[in-house]
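Here are my notes for you, written as a few numbered points. Keep the picture open while you read.

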Amino acid sequence: MDLNNLQPAEGSTNRAGKRLGRGQGSGKGGTAARGHKGAKSRSGYSKKIGFEGGQMPLQRRVPKFGFTNINRKEYTGINLDKLQELVDAKKVKDTITFETLIENRLARKNDLVKILGGGELKASLKVSVHKFTASAKAAIEKAGGEAINL
């Protein structure tokens, strides 16, 4: 016997539920176990999402501030040391394109990529992505490479 073939004992589960509102003799007649009055006792009752019985709901108690710019562009940051790792692992020779980054799972196809200046770059690379930080661009050019904006 394992955890994946455990079953309840024969006849221990499939009991029919208590039938409500079928007369006084059933023990659940009258109010049909809903109590007296109030919204929950009525037919067609369904509470609003977030309703807390009249208490001020959480989503209205919490202060709201700031604003979200719908035109914001999110860039995926990749440091120089990651590019150096690709060269060391012989996955690239002298050119790094956006497609190369996708193949090596450093970016997804719908991402915008920005090269950041973290780490050091020894190899001379021709890098073409969407954006560069000033320090990254300087480091690439210092190593004898080229930084091309897409």
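1. Which residues have the most contacts inside the largest nonpolar core? Before we get there, remember that this is a predicted model. The residues to look for are L83, L101, I115 and V127, in a core of 21 residues. In soluble globular proteins, nonpolar side chains tend to be buried together.

2. Next, see where that core comes from. At least two of its residues are supplied by each of α2 (80-88), α3 (98-103), β3 (112-116), β4 and α4 (134-142). The top contributor is α2, which gives four residues.

3. Now zoom in on V127. Skipping its neighbours within four places in sequence, V127 is in contact with L83, I96, I115, F132, I140, E146, A147 and I148. One of these, I96, is also the bridge partner of V127, which sits in β4.

4. That takes us to the sheet. There's an open one made of three strands, ordered β2-β4-β6, with parallel pairing. The edges belong to β2 (95-96) and β6 (146-149); each has a single partner strand, so one side of each has no neighbour in the sheet. Between β2 and β4 (residues 126-129), you can find two bridges.

5. Finally, have a look at S41, in the segment before α1 (58-61). Its side chain reaches the backbone oxygen of G38 at 2.7 Å. Not counting residues up to four places away in sequence, S41 touches R34 and G35. As for R15, 26 residues apart from S41 along the chain, the two C-alpha atoms are separated by 26 Å.

How values were computed. Residues numbered from 1 in each chain as written. Predicted model: local features only at pLDDT ≥ 70, side-chain atom pairs only at ≥ 80, totals over all residues. Heavy atoms only, no water. Pairing = 2+ DSSP bridges. Contact = heavy atoms within 4.5 Å. Polar contact = N/O pair within 3.5 Å; in protein donor to acceptor, adjacent residues only side chain to side chain. Core = buried A, V, L, I, M, F, W, Y, C linked by side-chain atoms within 4.5 Å. Buried < 20%, exposed > 50% of the residue type's maximum accessible area, 1.4 Å probe, protein only.
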